Amino acid sequence: MPVRVAVVDKDLCQPRKCGQECIRFCPIVRGGGKRAIYMDEQLGHPVITDLCTACGICVRKCPFEAITIVNLPSELGEDCVHQYGPSGFKLFRLPMPKLGRVLGIIGQNAMGKTTIAKILAGELRPNLCTNSQVSTEDIIRFFRGTELQPYLTRLYRGEVKVVHKPQYIELIPMYVKGTVKDVLMKISDNEEKVTKIAEKLNLTHLLNRDVDKLSGGELQRLAIAAALLRDADTYIFDEPTTHLDIVERLRVAEAIKDIASGDKYVIVIDHDLAVLDYLADQVVILYGKPGAYGIVSHMRGGAREGGINEYLNGYLTSENMLIRKEPIKFRVKPAPRPIQKEKVLLEWTDLTKRLGDFELEVKAGVIHRGEVIGVLGPQRNWQDNLCQAPRQ
Ligand SMILES: Nc1ncnc2c1ncn2[C@@H]1O[C@H](COP(=O)(O)OP(=O)(O)OP(=O)(O)O)[C@@H](O)[C@H]1O
Ligand code: SF4
Ligand code: SF4
Ligand SMILES: [Mg+2]
C-alpha cells in the first residue's frame, strides 16, 4: 500500500480568511494533545504531522483548495528489478530509451542510476530481487509486454552494440597507456575522424600528451571522445560533465546531441540539470531512499515538457508523488548572510606565485570568519594548481 499524506500549499493557504476548518474538523488527536494538523503561528500556515491518515476531511473543508493528498515514496511490492544481496539496495523498474531521442536520468546519489546504466549496457544481469538462479528467459519474461522486452532480447543475443562511458574516469590511466592520440587511434584508425573528434572536444592541443598526465576534465573529454568514436547502437554516458567547467560542459553536450539519430539509443545520467535540460528529449527521475531503494518514475518530456522542473519542485504530477518536502529554488541573488566584518580570518596583499612555468597573480584581498568564498575559472587553470600546491 502506498504511503499517503496531506500537504498544505503555503501559497494558497489563507488562514485569516477561512475559519481554519482544516484543523477544527481533523479527527486525529492523540493522547497528550498531539494533532495530525495544527496551526504554526510562526510559519503562518497549518503543519501536518506524521499522525495524518490521509482521510481527506481537511481537503474537503478548505475553501481555498490549499490541501491535497499525495503519495510518499515507499518500497513497491512488485517491479523489483535488482537487489545487491540480502538487505542490499533495491532498484524498482527500468527506463526504456527511445531510438533517436536522448534519455536523461536524474536522481540523488545512491538512487541506482549507475545500476541502470550497467543493466542497459548488459554488464549487470538483473537478479529480479530473488535469491534463486535467474535465467535470461526469466528476465525477458519479467519485462514481457514492455518495450524493454525486445531491447533486452536483442542485448542478450549480442545484437545491440553498447558503448558505456563509465562514471569513474579516474580509473582510466590504470588500464589505458600511451598518448591521447594513441588511445583514439586504437579505437579508429581513421585519422580524419580522430582529428575531428579531438577538435570537437578541445583535445587537439593534448593529442601528444600521455594519458596519465591528463587533468580530470581532460580525462573526461578523452573518455567521451573515445565513446563517440565507436560505432554503436546504444550510447550510455554516466556523469559526462563531472570535472568540466561550464564551457566544456556545453561542448560535451553538443557532441552528445550530435550522435542522437533515428537508429541510436542515447542515455545520459548527470547531476547538472542545466545540461540535461538542454540535452534530454525525455527524462526519468529516480526517487526513494538513497542507499536503500530507488524507483524509476514514469517517462516525462525534457525541458519543453517540464521534466526537470518536476524534479526541482520535488513533486511528480503523474504519480502524485512528493519526493522532497521543499522545492529547490534558485535565486539570481541569494539573501545576504550576516557576516561580522571585523572578524578577519586572512588578509593578503597583491602577490605573484610561480610553479614551474605557471604563474599565478592574485590581487589583494581579505576573508572574514564565516564567509563562503567561491572560486571560478576555466579548466586547467590556477584552481588546479592552487589545490596541488604543497602547504608551506
Ligand atoms: N556491487 C554492489 N554491491 C552492493 N551494493 C552496491 C553495488 N553497487 C552499488 N551498490 C549500492 O547501490 C546503491 C545505488 O548505487 P548506484 O551506483 O547505482 O547509485 P547512483 O545513483 O549511480 O549514485 P551516484 O549519483 O552517487 O553515482 C548505492 O547504495 C550503492 O552503494
Ligand atoms: S487528511 Fe485527515 S488526518 Fe490528515 S490532516 Fe487532514 S483531516 Fe487530519
Ligand atoms: S489550509 Fe485551507 S482551511 Fe486550512 S488554514 Fe489554510 S486556507 Fe484555511
Ligand atoms: Mg552513479
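Predicted model: local features only at pLDDT ≥ 70, side-chain atom pairs only at ≥ 80, totals over all residues.
Local features need pLDDT of at least 70 and side-chain atom pairs count only at pLDDT 80 or more, whereas totals for chains, interfaces and linings use all residues. Residues are numbered from 1 along each chain as its sequence is written, and side-chain values use heavy atoms, without hydrogens and water.

The largest nonpolar core has 55 residues. Such a core is a set of buried Ala, Val, Leu, Ile, Met, Phe, Trp, Tyr and Cys residues joined through side-chain atoms within 4.5 Å; buried means under 20% relative accessible area with a 1.4 Å probe, protein chains only. Ile106, Leu184, Leu201, Leu228, Phe237 and Val268 touch the most other members. Helix α10 (residues 216-229) supplies the largest share, nine residues. Helices are DSSP runs (H or I, at least four residues), numbered from the N terminus. A second, separate core of 30 residues includes Ile139, Leu148, Tyr265 and Leu286.

Helix α9 (residues 191-200) packs with α10. Their axes, lines fitted to C-alpha atoms over the stretch in contact, come within 10 Å and cross at roughly 140°. In α9, Lys193, Val194 and Ile197 meet Ala225, Leu228 and Leu229 of α10, where contact means heavy atoms within 4.5 Å.

Helix α8 (residues 180-187) packs with α9 at about 125°, with the axes 9 Å apart. α8 and α9 are therefore oblique as well. Lys181, Leu184 and Met185 of α8 meet Glu191, Val194 and Ile197 of α9.

Definitions and conventions. Chains lettered and ligands numbered in written order. Buried < 20%, exposed > 50% of the residue type's maximum accessible area, 1.4 Å probe, protein only. Helix = DSSP H or I, 4+ residues; strand = E, 2+ residues; numbered from the N terminus. Axes fitted to C-alpha atoms, helices over the stretch in contact; angles between N-to-C directions. Parallel < 35°, antiparallel > 145°, perpendicular 65-115°, else oblique.
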